[in-house]
Amino acid sequence: MYGFDGKTAVVTGGGSGIGRASALRFAEEGASVVVADVAEEAGRETVDLVEDAGGDAVFVAVDVSDTAAVENMVDVAVDTYGSLDIAHNNAGILTGFAEATDITDENWDRLLDINLKGVWACLKAELPVMEDQGSGVIVNTASEAGLVGMGGLASYSASKHGVVGLTKSVALEYASRGIRVNAIAPGPTNTNIQANSKGGNADPSTLPFDTSAMTDIPMGRAAEPEEMAGVAAFLASDDASYITGHTLPVDGGQAAD
């Protein structure tokens, strides 16, 4: 247990998957949590789960590609709880598997707007508050696809490589200002990201390109969202006080292969 008593955490994409697990874990550690998601019903369900477990949480509807909505999210955190100590910029989508030349303009723009611009928009709103406080920790959700190339996932991989680079750059800019910025790079995880993303294809086995990078896992299984949340909590904790600018693979050994 890391102990986040008295701290405020914001989690984007908090309505399901890794985001929900992260919100629950931060609350378990004692943080008050702002659950942010474009899916209102799912986000409110996460708040209910936090409260049922004895924690404190509020929901705010946010499309992370909308900078005004993101700024409002940060305002809600500060107005409700008085600070912004931890941010898990986790929201992301997958618009389906396709070779690079088959990706539509609409899907490319939508995915980059949410997966990359969305993280930048969150950072832009969060960092000034943390700088004024003189402290804060940010964890971005990248992906193993941000560390290696993956056939059929060119736009997703490009967006997550961008998150990795953004994490490094911002960490360097703010290291001397009391703010740490890291990322996690999840491997295959049991979430609904693909099924819930516009244009998603629920059956990758039907596609004509290699998806072995998503299925050949040395540990022999996919991860659970709670395993990602545990690593996010570690990076947000004082136990990681000398770690900034890094992307930590959480992938069952895939990056070692």
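Salt bridges in a predicted model

Reader: Which side chain does Arg20 meet in a salt bridge?
Author: This is a predicted model, in which local features need pLDDT of at least 70, side-chain atom pairs count only at pLDDT 80 or more, and totals for chains, interfaces and linings use all residues. Residues are numbered from 1 along each chain as its sequence is written, and side-chain values use heavy atoms, with hydrogens and water left out. A salt bridge is a side-chain nitrogen of Lys or Arg within 4 Å of a carboxyl oxygen of Asp or Glu. At 3.3 Å, N to O, the partner of Arg20 is Glu45.

Reader: Which parts does the pair of Arg20 and Glu45 tie together?
Author: Helices are DSSP runs of H or I with at least four residues, numbered from the N terminus. Arg20 lies in residues 17-28 and Glu45 in residues 40-52, so the pair ties together parts 25 residues apart in sequence: helix H1 and helix H2.

Reader: Is Glu45 buried, partly exposed or exposed?
Author: Buried means under 20% relative accessible area, exposed over 50%, and partly exposed in between (1.4 Å probe, protein chains only). Glu45 has a relative accessible area of 37%, so the word for Glu45 is partly exposed.

Reader: What separates Glu40 and Arg44 in helix H2?
Author: The side chains of Glu40 and Arg44 meet in a salt bridge at 3.0 Å, N to O. The two residues are four apart in helix H2, so what separates Glu40 and Arg44 is about one helical turn.

Reader: How many salt bridges does a search of the whole structure find?
Author: Another pair is Glu227 and Arg221, at 2.7 Å, N to O. Over the whole structure, the number of salt bridges found is five.
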